[in-house]
Amino acid sequence: MTNEPAIEIQDVTKTFATRGGTVTALHDVSLSIERGTIYGVIGHSGGGKSTLVRCVNGLERPTQGVVRVQGEDIAALSREELRLRRKKIGMIFQNFNLLDNATVQKNIELALPARKLGRAKTSERVSLLLEEVGLAHRSDSYPSQLSGGQRQRVAIARAMANEPDILLCDEPTSALDPETTDSILELLRQLNETHGITIMLITHEMSVVTRICSNVAVVNEGTLVERGATVDIFKQPKHAVTRGFVDSFFQTKEAAESLRSPYVTNLVSEGAWIVRFLFYGDEAYQAFISEASQKFGIQISIIYGSVRMIGSAPLGNLYVLVRGNADQLASLFQFARQSQVSCIRINQAGEEL
Ligand SMILES: Nc1ncnc2c1ncn2[C@@H]1O[C@H](COP(=O)(O)OP(=O)(O)OP(=O)(O)O)[C@@H](O)[C@H]1O
């Protein structure tokens with residue numbers, strides 16, 4: 001039992017009958033989320049992410065397939081069993097879903113079995129939860145008196161009220177500025193570490209995934225197109241949609257401008273190749289470029305480079321111009337493969353050739 005995944009989604013299809021016909025929100029989706037991990041699910045709007053989460057917490061029933069949470073088939077539970085199961089599945093949303101006319105204290109209390117716990121114990125539990133999310137001093141405030149980040153903290157405290165084993169996060173930072181986003185993601189990471197809670201995090205931003213998710217699944221038009229360790233997905237995205245997400249993470253305005261500069265245009269017209277390297281972890285510090293240049297007698301000039309963190313390890317993204325003959329270039333690509341450096345040829349628009 002304990003070795004079972006926290007969440008197991010098996011061949012799940014979900015269709016909705018609408019006036020305009022049948023909508024397939026999920027098509028044959030399978031995904032296994034190990035206990036204690038933070039798993040990202042990324043996709044564009046309408047891709048089926050929310051439907052997937054709703055199948056996990058039993059708000060929707062799969063049309064086909066099975067969803068197991070801690071080994072239990074969610075669709076097979078009775079109404080009462082599902083109610084109890086849901087208590088162990090915390091949930092937070094983009095728009096916080098707090099009660100505006102209730103204080104912070106009350107918003108959290110409502111998630112607790114206050115009658116069973118008694119007044120003193122309930123109050124003590126709320127205090128502990130608020131302390132954990134850094135809002136001990138705001139118990140008497142109303143949501144309208146709090147910032148977006150603080151409201152999400154209250155929602156997180158409420159979601160953690162019944163010591164859930166799973167926390168489902170549906171776009172939890174989409175309404176927040178980058179700095180607040182970082183602090184909320186850091187809080188989620190801490191909760192994962194302290195409580196060992198499994199987190200399934202829905203997002204449309206790769207920067208959220210890279211910040212805290214060890215694994216990621218890419219959902220597109222109802223289909224799961226790719227999944228794996230975040231690092232592997234970054235180093236070698238296979239599906240076009242995944243590549244789009246990875247590129248949007250790396251391709252800053254500066255990178256695009258550098259690629260289109262007259263200097264690059266001239267050299268490309270003279271036969272130079274634009275090559276993109278991705279270096280991860282220790283490789284980022286290896287003298288790969290100078291070694292390759294000396295080894296194969298090729299000229300490599302840097303167009304643009306950046307280093308971003310994936311978890312706690314650096315991922316370097318480098319665009320270079322390479323001048324050499326076909327054999328020398330083939331040797332460079334082979335050397336990159338041997339050195340575990342991802343290497344692709346691109347055009348001035350940043351597209352793979
Ligand atoms: N109750 C419903 N009835 C009919 N169609 C639905 C229903 N729920 C979802 N859909 C459709 O299923 C598809 C997937 O929707 P879903 O909300 O799961 O996507 P999403 O990836 O979460 O998108 P967003 O990021 O915009 O919320 C969409 O085409 C949507 O219109």
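Contact, as used in this note, means heavy atoms within 4.5 Å. The model under discussion is predicted.

1. Loop residue T37. T37 is placed in the loop that joins strand 2 (21-33) to strand 3 (38-42). Is T37 buried or exposed? With a relative accessible area of 18%, T37 is buried, because the cut-off for that class is under 20%. When neighbours within four places in sequence are left aside, T37 is in contact with N192, I197, T198, I199 and S214.

2. Strand residue Y39. Y39 belongs to strand 3 and has a relative accessible area of 5%, so Y39 is buried. Not counting residues up to four places away in sequence, Y39 touches a list of residues that includes L31, S32, I33, I199, M200, L201, C213 and N215. V216, A217, R227 and G228 are also among the residues that Y39 touches. Y39 and V216 are 177 residues apart along the chain, and their C-alpha atoms are separated by 5.6 Å.

3. Helix residue T230. T230 is found in helix 9 and is buried, its relative accessible area being 2%. The T230 side chain reaches the backbone nitrogen of N215 at a distance of 3.4 Å. Neighbours within four places in sequence aside, T230 is in contact with V209, T210, C213, S214, N215, V216 and I310.

4. In what order do the four strands of the open sheet run? The order is 2-1-4-5, and the pairing is antiparallel. Strand 2 and strand 5 (72-73) are the edge strands, each of them pairing on one side only. Strand 1 (residues 7-18) pairs with strand 2 in the antiparallel sense, over nine bridges.

5. The hairpin of strands 12 and 13. Strand 12 (residues 299-310) and strand 13 (residues 313-323) pair over eleven bridges, again in the antiparallel sense. Within strand 13, L321 stands opposite S301. Two residues lie between the strands of this hairpin, and G311 takes a positive phi near 60 degrees.

6. Which residues are found around the ligand? They are F16, T18, V23, A25, H44, S45, G46, G47, G48, K49, S50 and T51. A backbone N or O atom of G46 is 2.7 Å from an oxygen atom of the ligand. For G47, a polar backbone atom lies 3.0 Å from a ligand oxygen atom. For G48, the distance from a polar backbone atom to an oxygen atom of the ligand is 2.9 Å.

7. Helix 1. Helix 1 spans residues 49-56 and is mostly covered, with six of its eight residues buried. The buried residues are K49, T51, L52, V53, C55 and V56. Of these, K49 and T51 are also listed around the ligand. After helix 1 comes G58, which has a positive phi near 80 degrees.

8. Aromatic pairs. How many aromatic pairs does the structure hold? There are ten. One of them is formed by F234 and F250, which are edge-to-face, with 6.0 Å centre to centre and 80 degrees between the planes. Because F234 lies in helix 9 (residues 230-235) and F250 in helix 10 (residues 240-250), this pair ties together parts that are 16 residues apart in sequence. Both F234 and F250 are buried. The rings of F279 and F288 have centres 5.9 Å apart and planes at 75 degrees, so this pair is edge-to-face too.

9. The aromatic cluster. F279 and F288 also belong to one aromatic cluster, formed with F277, F296 and F335. F279 counts as buried at 6% relative accessibility, and F288 is buried with a relative accessible area of 2%.

10. Arginines over rings. The charged end of R308 sits over the ring of F249, 3.9 Å from its centre. R345 lies over the face of W273, and its distance from the ring centre is 3.9 Å.

Methods. Residues are numbered from 1 along each chain as its sequence is written. This is a predicted model: local features need pLDDT of at least 70, side-chain atom pairs count only at pLDDT 80 or more; totals for chains, interfaces and linings use all residues. Side-chain values use heavy atoms; hydrogens and water are left out. Rings of Phe, Tyr and Trp (its six-membered ring) pair if their centres lie within 6.5 Å; planes under 30 degrees apart count as stacked, over 60 as edge-to-face and the rest as tilted. Buried means under 20% relative accessible area, exposed over 50%, partly exposed in between (1.4 Å probe, protein chains only). A charge sits over a ring if NZ of Lys or CZ of Arg is within 6 Å of the ring centre and within 35 degrees of the ring normal. Two strands pair if DSSP finds at least two bridges between them. A residue is near a molecule or strand if one of its heavy atoms lies within 4 Å of it. A polar contact is a pair of N or O atoms within 3.5 Å; within protein, one must be able to donate a hydrogen and the other to accept it, and residues adjacent in sequence count only if both atoms are side-chain atoms.
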